[in-house]
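Here's a quick briefing to read with the model open beside you. Grab your viewer and follow along.

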Amino acid sequence: SLGELLSALGSGRPADGMVALCFDDGLRNNLTQALPLLRRHGVPATLFVATYHCENRRLLWFNKTKLAFRYFPGAELSVLGRRFRLGLAARRRRSLQSVLDAASTLALAELMALDRSLPDPADFAPPEVFEGGFRGVSRDELGKLRDDPLIEVGAHTRFHPFLSRCTDAEIEAEMEEGRAYLESAVGTRPRFFSYPAGDYDHRAVRVAKRLGFEAAFSLVPRFP
């Protein structure tokens, strides 16, 4: 498990061959597809959950963007002050990548505005795609993990912003509210934190320490 790996590293014990399995974002398919395999093989894992999509069938902003550009039936989408003509799959992919690249520079308020500007994929995305690959785990489903010996739930903010683009107050709120939601849903305070998209700065590190996380994780290479 992630805790066992960190314990070995912290104590100076050999960690050769040790691997910790983690899933970011908190998608429902972690439970419906990955968890049965983990149980079959007795493999522990940590689920880092961004809590915004745990309620009301909401999607995380980047998943909503992906579904909109892939499946919206209209001729165009207006996003970030630009009009994107939709058509064949190749054009949709290029437009989607352009929006995701631009989004990496956005502040939290701008990401929220992007999210609000998009049509609801529940109205047009194939149900099997919406449910199977993009829907978040619900609060009730998180609660059922409380006594699962293989699964540990870690924090991953609320809205999944780029923390280095957030104000001090937004960093505090995103990290603290996400942690509090998970503690309420699962019944235990998350020990670990994963920086969304691997993006962080010294302010986010300071908040992670103040909130008492035992460890916080990024990506190699870091985003972008």
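Which residues does Asp115 touch, not counting residues up to four places away in sequence? The list is Tyr52, Leu59, Trp61, Lys64 and Phe159. Keep in mind that this is a predicted model. Asp115 itself sits in helix H5, residues 108-117, and it is buried, with a relative accessible area of 6%.

**The chain as a whole**

- The chain has 9 helices and 7 strands. Its radius of gyration comes out at 18 Å, close to the 17 Å that the globule rule gives for 224 residues, so the chain is as compact as a globular protein of that length.
- Taken along the principal axes, the C-alpha atoms fill a box of roughly 60 × 40 × 35 Å.
- Of the 224 residues, 46% count as buried.
- If you take the contacts with a separation of 6 or more, 69% of them come from residues 24 or more positions apart.

**Helix H3 and its two partners**

- A bit of background first: two packed helices are described by the angle between their axes and the distance between the axes.
- H3 (residues 61-71) packs against H4 (residues 89-103) at an angle of about 160°, and the axes are 9 Å apart. Angles over 145 degrees count as roughly antiparallel, so that is what H3 is to H4.
- The crossing of H3 past H4 is right-handed. On the H3 side the contact is made by Trp61, Phe62, Thr65, Lys66, Ala68, Phe69, Arg70 and Tyr71, and on the H4 side by Arg92, Ser95, Leu96, Val99, Leu100 and Ala103.
- Sorted by class, the residues of that H3 and H4 contact are 9 nonpolar, 2 polar and 3 charged.
- H3 also meets H6 (residues 127-134): their axes come within 12 Å and cross at roughly 155°. That makes H3 roughly antiparallel to H6.
- H3 passes H6 in a right-handed crossing. Here Asn63, Lys66, Leu67, Arg70 and Tyr71 of H3 meet Val129, Phe130 and Phe134 of H6, which divides into 5 nonpolar, 1 polar and 2 charged residues.

**Helix H1 and what covers it**

- In H1 (residues 2-11), the buried residues are Leu2, Gly3, Leu5 and Ala8.
- The cover over those buried residues includes four strands: S1 (22-25), S2 (45-49), S6 (192-194) and S7 (215-217).
- Just after H1 comes Gly12, with a positive phi of about 85°.

**Positive phi away from glycine**

- Most residues other than glycine have a negative phi, and two residues here are worth a look on that score.
- Asp25 is not a glycine, yet has a positive phi of about 95°. Asp25 is found in strand S1 and is buried, with a relative accessible area of 13%.
- Thr157 isn't a glycine either, and its phi is positive at about 70°. You'll find Thr157 in the loop between strand S5 (151-155) and helix H8 (168-186), where it counts as buried at 0% relative accessibility.

**Val49 and its surroundings**

- Val49 lies in strand S2 and counts as buried, at 1% relative accessibility.
- Leaving out residues up to four places away in sequence, Val49 touches Asp25, Gly26, Cys54, Val137, Leu142, Val153, Gly154, Ala155, His156, Thr157 and Leu182. Among them are Asp25 and Thr157, the pair with positive phi described above.
- Val49 and Met112 are 63 residues apart along the chain, and their C-alpha atoms are separated by 18 Å.

- Where is Ser78 found? Look in strand S3, residues 76-79.
- Ser78 counts as partly exposed, because its relative accessibility is 46%.
- Setting aside neighbours within four places in sequence, Ser78 is in contact with Arg83 and Ser117.
- Ser78 and Leu118 are 40 residues apart in sequence, with a C-alpha to C-alpha distance of 8.2 Å.

How values were computed: Residues numbered from 1 in each chain as written. Predicted model: local features only at pLDDT ≥ 70, side-chain atom pairs only at ≥ 80, totals over all residues. Heavy atoms only, no water. Axes fitted to C-alpha atoms, helices over the stretch in contact; angles between N-to-C directions. Helix = DSSP H or I, 4+ residues; strand = E, 2+ residues; numbered from the N terminus. Parallel < 35°, antiparallel > 145°, perpendicular 65-115°, else oblique. Left-handed = near helix turned anticlockwise from the far one by under 90°. Contact = heavy atoms within 4.5 Å. Nonpolar A, V, L, I, M, F, W, Y, C, P; charged D, E, K, R; others polar. Rg over C-alpha atoms; globule rule 2.2 N^0.38 Å. Buried < 20%, exposed > 50% of the residue type's maximum accessible area, 1.4 Å probe, protein only.
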